[in-house]
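These are my notebook entries on one chain, taken in the order in which I looked things up.

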Amino acid sequence: MGYRFLEDLEAGFFTGYWDRGILPEARRLALRYQNLPLGFSDAYVAATALAWKAPVLTLDAHFLVLAGRVRNYV
C-alpha cells in the first residue's frame, strides 16, 4: 500500500467523507501490519472501530490478527 497516500490524506490533499482524526491511527495500523493484505479501507475500518469502540463484521481472515485490538465477528 502507498503510505504516502495516507500521509497525503492526513495533510488534506484529497477531499472526501472521512474523519481526518481517524487517519493517523489508520496509517499506524497499516504500517504495523504491513505484512498483511491490509489496505486503506481495512485500516480505516479497524481504526474507526477502535475509535467508536464498535465491533467489525467481516469475512476477511486478516482481521483476526487485529482481534486483540478490534472486536470482530468472522
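Predicted model: local features only at pLDDT ≥ 70, side-chain atom pairs only at ≥ 80, totals over all residues.

**Entry 1**

Residues are numbered from 1 along each chain as its sequence is written, and side-chain values use heavy atoms, with hydrogens and water left out.

I then placed Phe 14 in the loop between helix 1 (3-11) and helix 2 (23-32). Phe 14 is partly exposed, at a relative accessible area of 39%. I apply the classes as follows: buried is under 20% relative accessible area, exposed is over 50%, and partly exposed is in between (1.4 Å probe, protein chains only).

**Entry 2: the fold in outline**

I counted three helices and two strands in the chain, and along the sequence the pattern reads α-α-α-β-β. Helices (H or I, at least four residues) and strands (E, at least two) are DSSP runs, numbered from the N terminus. Of the 74 residues of the chain, 34% count as buried.

**Entry 3: helix 2 against helix 3**

At what angle do helix 2 and helix 3 pack? I recorded about 120°, with the axes 8 Å apart; helix 3 covers residues 40-52. Helix 2 is therefore oblique to helix 3. The axes are lines fitted to C-alpha atoms, for helices over the stretch in contact, and angles run from 0 to 180 degrees between N-to-C directions. Angles under 35 degrees count as roughly parallel, over 145 as roughly antiparallel, 65 to 115 as roughly perpendicular, and the rest as oblique.

**Entry 4: the loop between these helices**

I found Leu 38 in the loop between helix 2 and helix 3. Leu 38 is buried, with 5% relative accessible area. From C-alpha to C-alpha, Leu 38 and Phe 63 are 8.5 Å apart in space and 25 residues apart in sequence.

Gly 39 has its place in the loop between helix 2 and helix 3, and counts as partly exposed at 25% relative accessibility. Between the C-alpha atoms of Gly 39 and Leu 29, ten residues apart along the chain, I noted a separation of 9.8 Å.

**Entry 5: charge pairing**

Which residue forms a salt bridge with Glu 25? The partner is Arg 28, and the closest N and O atoms are 3.1 Å apart. I required a side-chain nitrogen of Lys or Arg within 4 Å of a carboxyl oxygen of Asp or Glu; by this rule the count comes to one salt bridge. Glu 25 and Arg 28 are separated by about one helical turn, because they are three residues apart in helix 2. Glu 25 counts as buried at 18% relative accessibility, whereas Arg 28 is partly exposed at 49%.

**Entry 6: helix 3 and beyond**

Ala 47 lies in helix 3 and is buried, with a relative accessible area of 2%. The C-alpha atoms of Ala 47 and Ile 22 are separated by 6.2 Å, at 25 residues apart along the chain.

Lastly, I looked up Lys 53, in the loop between helix 3 and strand 1 (56-57). Phi of Lys 53 is near 55°, a positive value in a residue other than glycine. Most residues other than glycine have a negative phi. Lys 53 is exposed, with 69% relative accessible area.
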